[in-house]
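Colleague: I have this one open on the screen. Can we go through the pockets and then the ligand?

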Amino acid sequence: MNWRRVPLSAGLYLVATPIGSARDITLRALDILASADVIAAEDTRTARKLLDIHGVALDGRPLIAFHDHSGPGVVKGLVGRIAQGASIACVSEAGTPLIADPGYELALAVREAGLPLTAAPGPSAVVTALSLSGLPSDRFAFCGFLPSAQTQRRTEIASLRDVPFTLVFYESPKRVHESLDDLCEVLGGDRQAALCRELTKKFEEVATGTLRDLTVRFADQRVKGEIVLVVGRAGAEEVATGDVEAALLAALRTDRVKDAATMVSGAFGLPRKDVYQMALRLKDEGETE
Ligand code: SAM
């Protein structure tokens, strides 16, 4: 099928693309990719493949490389084109541009030039992992990639120790064991965590448990593919069961089980499914009458 072209005004369009499954792309993203005067892509081969899959023809429109090493000249050139009336779609290799991917300098330059800037939102591994992790999603911190050198990595992890948000890290299969060891050592092995791998792809896996569980479980395994580590927030492991039950009992007086579990798991930074089970048990035991 050939994707239709639509009238597109001048500006920069930050277009999110799939993180695995090629069909995870929005209709608006395809409209923009089919219609922009220029497509600036982190990886032109990946972009061309995606366009082919969805029947988006280039029809002579330029598909140019734009990545972290492109330099200020390329940014200036693209801003100049927009100033002259061009619409430019910017795509990274996968997911949302600017999220551990190129696009920040370009978006900033367009903004500073007072030119139109918009986004076609879509997939990102950080949100996908968070939503599958079973960890509280009400407040989270995206921490990008941890440093590859151990001293810096440990320093960085230590700086996050008291952050009262769920922490999300991008990780490479080469370093995941070292990072798990360091997270376990610096944050303590009792924190809840999830190792999310190959999201939206054939071998998608979400392994959950404490940091210690995950470290032991993956110690002798080669972990393949793309990985996100999600780590529970500071203090969550020290919560006394009695306190959680008391909060649930109070909440169940006015709220449904589902809402009470959501509220209490968020307040204590505990996995929602565990708190939900606890709420069901309290209800069954008639403690809430
Ligand atoms: N811009 C992308 C986004 O919005 O998620 C991130 C790009 S960053 C260069 C690539 C990293 O994102 C990978 O090393 C991995 O940590 C994470 N990632 C991307 N796709 C993933 C997937 N399908 N499953 C798990 N992690 C993924």
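Modeller: Some terms to begin with. Helices (H or I, at least four residues) and strands (E, at least two) are DSSP runs, numbered from the N terminus. The model is predicted, so local features need pLDDT of at least 70 and side-chain atom pairs count only at pLDDT 80 or more, while totals for chains, interfaces and linings use all residues. Residues are numbered from 1 along each chain as its sequence is written, and side-chain values use heavy atoms, with hydrogens and water left out.

Colleague: Which element gives the largest share of the lining of the largest pocket?

Modeller: That is α2, with 6 residues. A pocket here is an open set of points on a 1 Å grid over the protein atoms alone, where a 1.4 Å probe fits, with protein on both sides within 12 Å along at least five of seven lines; lining residues have an atom within 4 Å of a point.

Colleague: How many residues line the largest pocket, and which lie nearest its centre?

Modeller: The lining has 39 residues, and I19, E93, A94, G95 and E226 lie nearest the centre. By class, 21 are nonpolar, 9 polar and 9 charged; Gly counts as polar. Besides α2 (44-53), the elements β7 (166-171), β8 (192-197) and β10 (227-231) each supply at least two lining residues.

Colleague: Which domains does that lining draw on?

Modeller: Domain 1 (11-123) and domain 2 (126-231) each give at least three residues. The bounds come from an automatic or database domain assignment.

Colleague: And what lines the second largest pocket?

Modeller: L130, S131, G134, L135, P136, S137, D138, T262, S265, G266, R272 and K273. Two or more of these come from each of α5 (125-132), α10 (257-268) and α11 (272-284). The largest share, 3 residues, is from α10. By class, the lining has 3 nonpolar, 6 polar and 3 charged residues.

Colleague: Now the ligand. Which residues come nearest?

Modeller: D101, S124, A125, Y170 and I227, out of 18 residues around the ligand, counted if a heavy atom lies within 4 Å.
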